[in-house]
Amino acid sequence: MNKIIRILSALFVICFSAVAVGIFVYFSFFLTTQKSIPVNANLVFSASLQKNITDSNMTDIVLQMKNGETRILVSYPNIYFDHYHAIEYHAGNIYIIKRINNKGTNSDWTDELWKIDLNKHETKMFSAQGLDFRTSPDGGKIIVIKQNQGVDELVLIDGSGSLFKVFSIDELTIDPKATTTYPLSWSSDSKYYWGGIIHSLSNNVFKISTNDFFVSKYQFKGDLLNHDVTFNADASSIVYSDYPVFYDADEASAFSISGIKVTLYLENFITETIKTINTSVAKYFQPQWISETEIQYVDPNTGSKKIYNTEA
Amino acid sequence: MSKKLLFSLFVSIALVAVIGCDSLQDKPASNPVISEPTLNPADTLPNINISADSVNALGRVAMMDDMGRGPVKAAAGWQLYVPVPFYSQRDPHWSSKPLGFGGCGTTIGSAGCFLTSIAMCYAKMGYSAANPPALNDWSYGGRAHYAFYDGGCGNMIRLPQALQYPGMSRNCHYWFGADQIYSYLQRGIPVIARINGGAHYVVIFAFDGNRYWVKDPWNDWTNQDRPFYGSFDGGLAFGF
C-alpha cells in the first residue's frame with residue numbers, strides 16, 4: 001500500500017510539475033515571442049482597446065487579424081479608454097488618444113493623438129484639451145475636432161502631423177450661432193471629409209474637399225443624433241427617420257404607444273432628392289448601409305430585415 | 001518526509017485539483033435586491049408646449065400675486081435667484097465619454113443635457129460627487145449605469161432611478177406646468193425644464209422680474225446663464 005501511495009504521489013508531482021513548467025513557458029516565452037513577431041499590415045483587420053488584465057493602469061492595443069485571431073500589439077498607460085472613439089486602424093497604423101496628466105483637479109491636462117505603427121514606433125500627431133478625430137482610409141489626412149473657447153473647430157493635418165488647415169465653425173455652418181460639429185465619415189478615396197452640425201437652429205452637413213479645402217454645405221432637416229441616422233460618404237447620401245430624439249426613457253415609452261407615424265427617408269445631398277423608404281407606427285428602423293446602393297433595415301411592421309436598393 | 005505528511009500533501013493537491021480554487025475562496029455577497037421605482041409615462045408625460053413669452057408672462061403674474069401679499073425680498077438684480085452650480089455637458093473633461101451604456105455613438109457632450117441638468121440640481125443639494133460623468137457611470141444594486149435604460153441606444157435616462165442617487169428615495173414632482181415654476185424658485189428649488197418637445201433640457205434658476213433665466217448645459221462656463229428660450233414642455237423639481 002505504501003509503495004502504491006509513493007508511486008501515485010511521485011506521478012502526481014511529476015504531472016503537476018510538468019503543467020507548472022508548461023504554464024511558465026507559455027506565459028514567459030510564447031506570449032513574448034508572439035509579441036515580437038513583426039505583424040504584416042495586410043493581415044490586420046482592425047484594432048481595439050482592452051484593459052490590461054494584470055495592470056489596471058495599462059491599456060492593451062489589440063489587433064484583430066483577418067483570420068479571426070487576436071493579438072496584443074503593445075500596452076500603454078494613459079490611453080483615454082473612456083473616450084467613445086479612442087482608436088482607429090488604417091493602412092498599417094494605429095491612431096489612439098492618450099489623456100496626459102489628468103489628476104482630476106489640475107488644469108494642465110491634455111489629450112494627445114498618437115500614431116503607432118506595427119513595429120510600435122510612436123509619433124505624436126496633435127494635442128489639445130479634449131479632442132476627437134477621424135483618419136482618412138489611406139492614413140494621409142486626419143481631421144481633429146477640438147474646442148476653441150467653447151466652439152468647435154476642425155483641424156486638418158497630414159499623416160505626419162503637419163498642419164494643412166484649420167476650419168472655424170463659421171466656415172462649416174449655415175447657422176451663425178452654431179457651436180458643435182458632428183463627425184460623419186471620410187469618402188473611401190480619402191478625398192472628402194463629411195461632417196455635420198448638431199443642436200443648431202438650422203442643421204446642415206458639410207463636405208470638405210482636401211484637394212482645395214473647399215467646403216460644400218447642405219441643409220439637412222433631420223437630426224444627426226436621431227436613432228436611425230446612417231451616412232454613406234461615397235453615395236453622398238444619408239438615411240434617417242423622423243423618430244424623435246429621446247433623452248428620457250419614459251418619454252420614449254409613451255411615444256411607443258402614441259400611434260404616431262414615423263417615416264424612414266433617404267436623402268442625397270448632391271441631387272437634392274429625398275425618397276421615402278418605409279413608414280412605421282411609432283417605431284424606429286435601425287438602418288445600415290451594406291453597399292453603396294443598398295440599405296438594410298428592420299421593418300417594424302414584420303420585425304424582419306429588408307433591403308432597399310437606392311437605384312430602384 | 002514522513003508518509004503522513006506526503007499523504008496529506010497529496011490529498012490537499014488532489015482536493016484543489018478536483019474541487020477547484022474558486023470554492024475555497026470567499027464568494028462575494030450577492031447583490032442586494034432593490035426595489036426600483038417606476039413611473040407610468042402615460043400618466044405623467046406632459047403635452048404642454050408653451051412659448052417662452054407665455055412662460056415669462058406666467059412668471060410675472062406669479063410675481064404680482066407674490067407682491068400683493070406684502071414686501072418681496074429680492075436678491076440684487078433678481079426677483080428670485082437660486083444659486084445652482086454649473087456643469088457643461090460639453091466640458092472637454094467628459095464630453096467624449098459615451099452616454100449611459102454608450103450605444104449609437106452618443107456622448108455626454110452630444111446628448112447629455114438631461115443628465116447634466118440633473119447633475120446640476122444634485123450639486124445644488126450638496127451632492128457634488130454626482131457630476132455628469134459620475135452620475136453617468138453610477139452603479140447601484142449591482143446594476144451598471146443605474147440611471148439609464150439599457151434598451152435602444154442605452155442612452156436614455158430612467159428618471160425615477162436617476163433621482164435616487166446615492167441610493168435614497170426623495171420627493172419629486174414630474175412634468176408640471178409653467179405656472180408652478182415661480183413657487184419652486186421661491187422655495188429655493190431649481191426647476192429642470194424640458195424644452196422644444198424634449199429636444200433639450202435646461203435648469204431654471206432665477207427670475208429677473210420680467211424673464212426666467214436658465215443654466216444651459218449646452219453652453220460653456222462663460223455663457224452658462226441665458227434667458228429662458230424655446231418652448232416649455234414640463235418642469236421637474238426634486239429633493240425638497
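The paragraphs below take up confidence, the interface, a helix of chain B and a sheet of chain A.

This is a predicted model, and the predictor assigns the complex an ipTM of 0.83 and a pTM of 0.83. For chain B, the mean pLDDT is 85, with 78% of the residues at 70 or more. One stretch of chain B stands out on this score: over residues 15-32, pLDDT stays under 50. For that stretch the model has four contacts beyond four places in sequence. Helix α1 of chain B is assigned to residues 3-19, which should be read with the confidence values for residues 15-32 in mind.

The two chains meet through 39 residues of chain B and 30 residues of chain A. Which elements of chain B give two or more residues to the side that touches chain A? They are the helices α1 (3-19), α2 (41-44), α4 (108-111) and α5 (113-124), together with the strand β4 (156-157). Of these, α1(B) gives the most, with five residues. By residue type, this side of chain B divides into 22 nonpolar, 12 polar and five charged residues.

Helix α5(B), one of the elements on that side, can be followed in more detail. It has 12 residues and spans 17 Å from its first C-alpha to its last, close to the 16 Å expected at 1.5 Å a residue. Is α5(B) mostly covered or mostly exposed? The helix is mostly covered, with 11 of its 12 residues buried. Here a residue counts as buried if 20 or more other C-beta atoms lie within 10 Å of its own. The buried residues of α5(B) include C113(B), F114(B), L115(B), I118(B), M120(B) and Y122(B). Also among them are T116(B), S117(B) and the charged K124(B). Just after the helix, G126(B) takes a positive phi of about 105°.

In chain A, four strands form an open sheet in the order β16-β17-β18-β19, with antiparallel pairing. The edge strands are β16 (230-232) and β19 (273-281) of chain A, each of which pairs on one side only. From one strand to the next, the twist averages 15°.

Terms used: Residues numbered from 1 in each chain as written. Chains lettered and ligands numbered in written order. Predicted model: local features only at pLDDT ≥ 70, side-chain atom pairs only at ≥ 80, totals over all residues. Contact = placed C-beta atoms within 7 Å. Pairing = 2+ DSSP bridges. Axes fitted to C-alpha atoms, helices over the stretch in contact; angles between N-to-C directions. Expected span 1.5 Å × (residues − 1). pLDDT = per-residue confidence, 0-100.
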